[in-house]
Amino acid sequence: MAKTMFEKIWEHHIVAEPEGQPALIYIDLHLVHEVTSPQAFEALRLTNRKVRRPDLTISTVDHNLPTDDTRNEEIKDPIARIQVDTLRKNCKDTGVVLYDIDSAAQGIVHVIGPEQGYTQPGMTIVCGDSHTSTHGAFGSLAFGIGTSEVEHVLATQTLRQAKPKTMEIRFNGELKQGVTAKDMILSAIGELGTAGWTGYVVEFTGDAIKKLNMAGRMTVCNMTIEGGARAGLIAPDDTTFDWMRGRNFVPKGDEFDAAVIEWRELATDEDAEYDALLEIDCELLEPHVSWGTNPGQVTGITTRVPSPTDFEDPADVSSAERALEYMGLTGGTQVEDIEIDRVFIGSCTNARIEDLRSASLIVKGRKVASSVRAQIMPGSTLTKMLAEKEGLDQIFKEAGFEWRESGCSMCLGMNPDILVPGERCASTSNRNFEGRQGKGGRTHLVSPEMAAAAAIEGHFVDVRDWETE
Amino acid sequence: MEKFTKLTSIVAPLDRANVDTDQIIPKQFLKRIERTGFGEFAFFDWRYLEDGVPNPDFILNEERYVGANILVGGRNFGSGSSREHAPWALREMGFQSIIATSFADIFRSNCMQNGMLPVILSESEVDTVMARSLRGYGYKVTIDLESQTVTDDQGLNASFDVDPFRKNSLLEGLDDVGITMGLSEEIDLFEEKRTARW
């Protein structure tokens, strides 16, 4: 029978399907960070249980780390320091590898998994973090879980899961210059809203997906959770294999070639059927900017901020009213007229080397507007080192950007990097929820190119019109 | 895990769609390494004014909803971050069940790992519960997990779906890890035949 990629991976990982219970699925890779794991390790201790497979578990510190020059000092916030120290102790006690603050492999967990070659096609991957969907860009079934499930995976290397439905999201046509993976996923979420894909595993297909580089594919899969989906998937192909080859934990030599032959079999069979389909025409796509307080409230750069009366559903009307009030915006404002105070280029959505290269092309030879504070937090320490080797840091610094250390940083502001009330930020992250980047802070989600251009102009601009060197 | 069987309680209304877990428990409170201590910070930005006093305009601060163990919310409740701190905070605030037309997947699963019952009702049923709790003083419903019903004394008689496995776990107060440890032979067998890669 013809199968989708999801069905192939799912069936390959069923450990047991006891009568009347959800399937028990084996987990190939468990990623751990400091915020959602301490209570899980503690529960194991209290019940006298062990980490079943420390060899399939890796951890790093990312959420709490300072990104400024206090990086190598003790974390000032005592509660954050305890959380980081607790992960260190838990890893030491259980034999789980930890990429700590002084490791080149340290970084945002969803950046380092692929970067180090842990993330591979056909795997099941979980993490106590909703953006685990990122890893689906490699054709692995990857999703976020809560702390009780983290405990379950630590103890049993399995997870109980009801089988989700499948949806194909097909991006037809070709992206225009200046239009990116971020714009593809923002527009797709805008189509059906933040609950539009709840209960589904989404597979992204179509010419525009095939032409994306791996960073772009990761951006797309990263934000599938913002549409409510359980996971996002993209079939692995030569782009995937070329990107993976030579990375630390990827098989080498003949073994790699053998693996590639197997990985190619993962792709959805021609006659396989999905439960739902959404099609998006990339020819018409323009750079997107979020105007509201959830990632479904987005619009094109050439358009105007909507008014509550533009919506029909009463819940959408009241959501828009609340969002506009919080964001300090009036319906009908031209998106290009929105002035910004801050720029954040970072996060597991858009802080990979490819993202930094794209942003640097916009920035090169230009200056950040005097009214704007612009910061770059690379996705990992390795990414930062690579960018410095390529001279990207110089381009950014000469333009007036702050060049910072890696970590989740202002995506969610668990470390000291936050907006102050009323500040408006062009952000390459994934969530524009109220207070996400700091209480009263106003977040507009955009691509790295759009964030860079906004930094220069002090307001949103259509990056398609820009000349780059 | 604590059992969930039958609950009769005042209903507190939160008539907003897409209440995300960043609102339920903001990030500055995620640094604790315990499962407790989150309740007082639930809905922090909405619930308190700058100086830390309760915001009189936030509906859950109204005296008539004090002691409510049931929350009725808008669609897509619990969207966003996977933080289990969100159900921990709600539970400590007193809520053992949430009624909505839809929930985000991870939040829903996290609730049921903590003896809390997310109840999905139809739009008209949620509207009814919302309207009655907004209008009245001391409006109560009864949620019966065994019969999978939500009832009140004004004629509401709604039924809801729940996964039979989850239902049993909640009724009996069983936690997943214990049940899965009983399948360790199956896991051993799987690992024997499992290959390093797909």
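A residue is called buried here when its relative accessible area is under 20%, exposed when it is over 50%, and partly exposed in between, with a 1.4 Å probe and protein chains only. By that criterion Asn222(A) is buried, with a relative accessible area of 0%.

Before I continue, the conventions. The model is predicted, so local features need pLDDT of at least 70 and side-chain atom pairs count only at pLDDT 80 or more, whereas totals for chains, interfaces and linings use all residues. Residues are numbered from 1 along each chain as its sequence is written, chains are lettered from A and ligands numbered from 1 in the order in which they are written, and side-chain values use heavy atoms, with hydrogens and water left out.

To return to Asn222(A): this residue lies in helix H8 of chain A, residues 214–222. Helices are DSSP runs of H or I with at least four residues, strands are runs of E with at least two, and both are numbered from the N terminus. Which residues does Asn222(A) contact, leaving aside neighbours within four places in sequence? They are His131(A), Ser133(A), Thr134(A), Cys348(A), Thr349(A) and Asn430(A), where contact means heavy atoms within 4.5 Å.

I turn next to the nonpolar cores, each a set of buried Ala, Val, Leu, Ile, Met, Phe, Trp, Tyr and Cys residues joined through side-chain atoms within 4.5 Å. The largest has 77 residues, of which Phe171(A), Trp197(A) and Phe204(A) touch the most other members. Helix H6 of chain A, residues 181–192, gives the most to this core, with 6 residues. Beyond four places in sequence, the residues that Trp197(A) touches include Met167(A), Ile185(A), Leu192(A) and Leu278(A). A second, separate core of 45 residues includes Tyr326(A), Ile376(A), Ala387(A) and Ala399(A).

On the cysteines, the search of the whole structure finds 0 disulfides over all chains, a disulfide being a pair of cysteine sulfur atoms within 2.5 Å. For Cys91(A), the nearest cysteine sulfur is that of Cys127(A), 12 Å away; Cys91(A) is itself buried, at 4% relative accessible area. For Cys425(A), the nearest is that of Cys411(A), at 10 Å, and Cys425(A) is buried as well, at 0%.

Finally, chain B. Its secondary structure comprises 8 helices and 7 strands, and its C-alpha trace spans about 60 × 45 × 25 Å along the principal axes. Of its 198 residues, 60% count as buried. Among contacts in chain B with a separation of 6 or more, 67% join residues 24 or more positions apart.
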